Amino acid sequence: MCNRHSQFRIPNSELLKCVCVLALAVTPVAAQQTFTGRLSDSRCGVSHQAKAAAPTDRQCLLACINALAKYVLVDSNNQVLPIANQDVKGLPLYAGRPVKLTGEWKGDAILVTTVEAIPAHLHLGHVMTNWRDTPGTRGFLPVAADEARVAVVHASLAAKGASLDDIKLHAGHVLHALDPAVEPKGPGAGYGVRKAAAGALQHLDFAVKAEGATASITTHAVPVSSSLSDVLQLVDQAIAAARRIRAMTDAAEAAGLAADLAALMRRISDEELQQAQSHMGLMLKAEGLLGAPR
């Protein structure tokens, strides 16, 4: 280096300090990892010995925790992984359930940052147990079933109507239970079979495609999806029939179409939605989600 640049020279000792500071600055923090498995306890580990006082795995687990056992994660290889921070939010909620833990393996345990349901199970929950805008924030499928039962009752009343006005009144109530956007007033919950069944079908599809989807989910999703697709087609037919009834001027003709509407509603409620709920129950049982908290 020429003399005129010598004023910019950095002593070796200072240069070494700069390098050390730079190295410290770029040293990465401990990488966060994800761990999946089922929450259990240190006393039972892989297998719960449920007793009369605690007939389910979840109840057994919580009883063990109350007896000073610790939460652990049992992974897919049946390895029991200790959890370092027992007070992390979410452990009691997901006790006994499949979960995804985010955190750091520190020493001989997981230092957990977050506890959450696996993505596939989140969507199953939306189908069966909870959604933000449904009546009572319940799952889509139970709401669809409840609204369908209201429609069945009023379709039957329409078929037995003593006058044209009675038949038309109950046909309107059927419309409200099927789709409040078509008829805003009526005895239903104001959500409608159509919207609830469509939501259930959408989130079932999300579950099948999500992280953590198992063979039991994909297997049982096939008949559930088929039933829900049929429900949506039949709802369209029922809405068209109810609208025709309300436009009729002959009581006898209206009563005949109301009888057809009642049969259509029984098929929606007692066959298609019942079959969908049955297969969802089998799916939840296989996934260890029956009776799980919302």
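I looked for aromatic pairs and found two in the structure. I counted rings of Phe, Tyr and Trp (its six-membered ring) as paired if their centres lie within 6.5 Å, with planes under 30 degrees apart as stacked, over 60 as edge-to-face and the rest as tilted. Phe-35 and Trp-105 make a tilted pair, because their ring centres are 6.5 Å apart and their planes stand at 40°. This pair joins distant parts of the chain, with Phe-35 in strand S1 (residues 33–41) and Trp-105 in strand S4 (residues 98–106), 70 residues apart. I took strands (E, at least two residues) and helices (H or I, at least four) as DSSP runs, numbered from the N terminus.

The model is predicted: local features need pLDDT of at least 70, side-chain atom pairs count only at pLDDT 80 or more, and totals for chains, interfaces and linings use all residues. Residues are numbered from 1 along each chain as its sequence is written, and side-chain values use heavy atoms, with hydrogens and water left out.

Next I checked accessibility, with buried meaning under 20% relative accessible area, exposed over 50% and partly exposed in between (1.4 Å probe, protein chains only). Phe-35 is buried at 11%, whereas Trp-105 is partly exposed at 36%.

I then noted the pair of Trp-131 and Phe-140, tilted as well, with 5.3 Å from centre to centre and 35° between the planes. Trp-131 has a relative accessible area of 14%, so it is buried. Phe-140 is buried too, at 4%.

What does His-126 contact, leaving aside its neighbours within four places in sequence? I listed Trp-131, Gly-139, Phe-140 and His-203, contact meaning heavy atoms within 4.5 Å. His-126 lies in helix H3 (residues 119–128) and is buried, at 16% relative accessibility.

Last, I looked at helices H4 (residues 140–159) and H5 (residues 164–178), whose axes come within 8 Å and cross at roughly 165°. From H4, Glu-147, Val-150, Ala-151, His-154, Ala-155, Leu-157 and Ala-158 meet Ile-167, His-170, Ala-171, His-173, Val-174, Ala-177 and Leu-178 of H5. By class, I recorded ten nonpolar, three polar and one charged residues in this contact (Ala, Val, Leu, Ile, Met, Phe, Trp, Tyr, Cys and Pro count as nonpolar, Asp, Glu, Lys and Arg as charged, and the others, Gly among them, as polar).

Conventions:
Axes are lines fitted to C-alpha atoms, for helices over the stretch in contact, and angles run from 0 to 180 degrees between N-to-C directions.
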